[in-house]
Amino acid sequence: MTRIVYVNGRYVPYADAAVHVEDRGFQFADAIYEVCEVRDGSLIDEARHMARLERSLAELQIRRPMTAAALGHVMRQVIRRNRVRDGLVYLQVSRGAAPRDFSFPGPDVPPTVVCLAQSISAAHRDLKALSGIAVKSMPDIRWQRRDIKTVMLLPACLAKEAARKDGAREAWFVDAEGFVTEGASSNAWIIDQGGAVITRQLGLDILPGVTRATLLDVLAEEKMQLIERPFLLSEAYAAREAFITSATQTVMPVVRIDGRPVGDGRPGPVAAKLRQKFHHFAAISSA
Ligand code: PDD
């Protein structure tokens, strides 16, 4: 349970944690965020998450609220004050609160910073990975700058809710040409019948996942064949294995797509191996 939340310089009880009704994150989704895994009391891949946060801020011309080191301090305080050993830490920066106006407010308006942490059982996550998850494909109706980690997540919420109603844990977005872009909150991967690991190349269509970046290091070290290109939904149906990556799920096998089994319908050996290797390659810093 979350007990203490950081809001604009103060650590406040969960029930009292609030931002202004005219916060631009609330009114315009004018905000960016990061989700970082906490594992065994450590932060996973903090530097990569901080680098992406800085890039998101720069792309949207939101002032950096504090240094990466200061943000790191806030994250650690929130993790400690909530006694999170395994789970996640969430950091959001909005353009701040100002009378509603589409144009940006002046330089006197400080960004809003919120940070909270949540415990998630590591055993529960590992158990889930043993059975794998189902995904449902959905048209990708998001905007054209999916490389920026904004809180504008309504299409992802709609897709995940539709997936849930179909008994699936994740939605895979598909572009107008039939190519999978990514998951609603994860990157999408397949392994073809020849054993090549395929994932869409970085660009404006997908989020540059931190887990994705670290997994590329694993693949290079293991000398596994990687192809960065868009793959069709039909290729995913015919794949030997499929999986998703995200900070909260690391490598999670996909065993069904739109109700069709992937391979033999059970988590594949490559996804299991990559999941097992992942934390040997991720950067681990004490929280
Ligand atoms: N989501 N693509 C999208 C659209 C995402 O929202 C995420 C992460 C990823 C994977 O990125 P990373 O490996 O850096 O977590 C890809 C987070 C976990 C969330 O919104 O909860």
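Reader: Hello! In β15, which residue is the bridge partner of Ala134?

Author: Welcome! This is a predicted model, where local features need pLDDT of at least 70, side-chain atom pairs count only at pLDDT 80 or more, and totals for chains, interfaces and linings use all residues. Strand β7 and strand β15 (residues 250-257) run parallel and are joined by three bridges, and in β15 the bridge partner of Ala134 is Arg256.

Reader: What do the labels mean, and which residue in β8 does Lys136 stand opposite?

Author: Helices (H or I, at least four residues) and strands (E, at least two) are DSSP runs, numbered from the N terminus. Two strands pair if DSSP finds at least two bridges between them. By that rule β7 also pairs with strand β8 (residues 170-174), in the parallel sense and over five bridges. In β8, the residue opposite Lys136 is Ala171.

Reader: How many of the seven residues of β7 are buried?

Author: Buried means under 20% relative accessible area, exposed means over 50%, and partly exposed lies in between (1.4 Å probe, protein chains only). Strand β7 (residues 133-139) is mostly covered. Of its seven residues, the number buried is six.

Reader: What does the twist average from one strand to the next?

Author: The seven strands form an open sheet. Going from one strand to the next, the twist averages 30°.

Reader: What angle does the direction of α2 make with that of β3?

Author: Helix α2 packs on the sheet and touches β3, β4, β5 (87-94) and β17. Axes are lines fitted to C-alpha atoms, for helices over the stretch in contact, and angles run from 0 to 180 degrees between N-to-C directions. The direction of α2 makes with that of β3 an angle of about 175°.

Reader: At roughly what angle do the axes of α2 and α3 cross?

Author: Angles under 35 degrees count as roughly parallel, over 145 as roughly antiparallel, 65 to 115 as roughly perpendicular and the rest as oblique. The axes of helix α2 (residues 46-59) and helix α3 (residues 68-81) come within 11 Å, and their crossing angle is roughly 120°.

Reader: Which residues in α3 do Glu46, Met50, Leu53 and Glu54 in α2 meet?

Author: Contact means heavy atoms within 4.5 Å. Glu46, Met50, Leu53 and Glu54 are the residues on the α2 side. In α3, they meet Ala68, Leu71, Gly72, Met75 and Arg76.

Reader: Is the crossing of α2 and α6 left-handed or right-handed?

Author: The axes of α2 and helix α6 (residues 210-221) come within 10 Å and cross at roughly 130°, and the two helices are therefore oblique to each other. A crossing is left-handed if the near helix is turned anticlockwise from the far one by less than a right angle, and right-handed if clockwise. The crossing of α2 and α6 is right-handed.

Reader: Is Thr250 buried or exposed?

Author: Most residues other than glycine have a negative phi, and most peptide bonds are trans. Thr250 lies in strand β15, and its phi is positive, near 45°. With a relative accessible area of 4%, Thr250 is buried.

Reader: What is the relative accessible area of Ala29?

Author: Ala29 sits in the loop between α1 (24-28) and β3. Although not a glycine, Ala29 has a positive phi of about 55°. Ala29 is partly exposed, and its relative accessible area is 22%.

Reader: How far are the C-alpha atoms of Asp40 and Ala287 separated?

Author: Asp40 lies in the loop between β3 (31-39) and β4 (42-44). Not counting residues up to four places away in sequence, Asp40 touches Arg85 and Asp86. Asp40 and Ala287 are 247 residues apart along the chain, and their C-alpha atoms are separated by 9.3 Å.

Notes
Residues are numbered from 1 along each chain as its sequence is written. Side-chain values use heavy atoms; hydrogens and water are left out.
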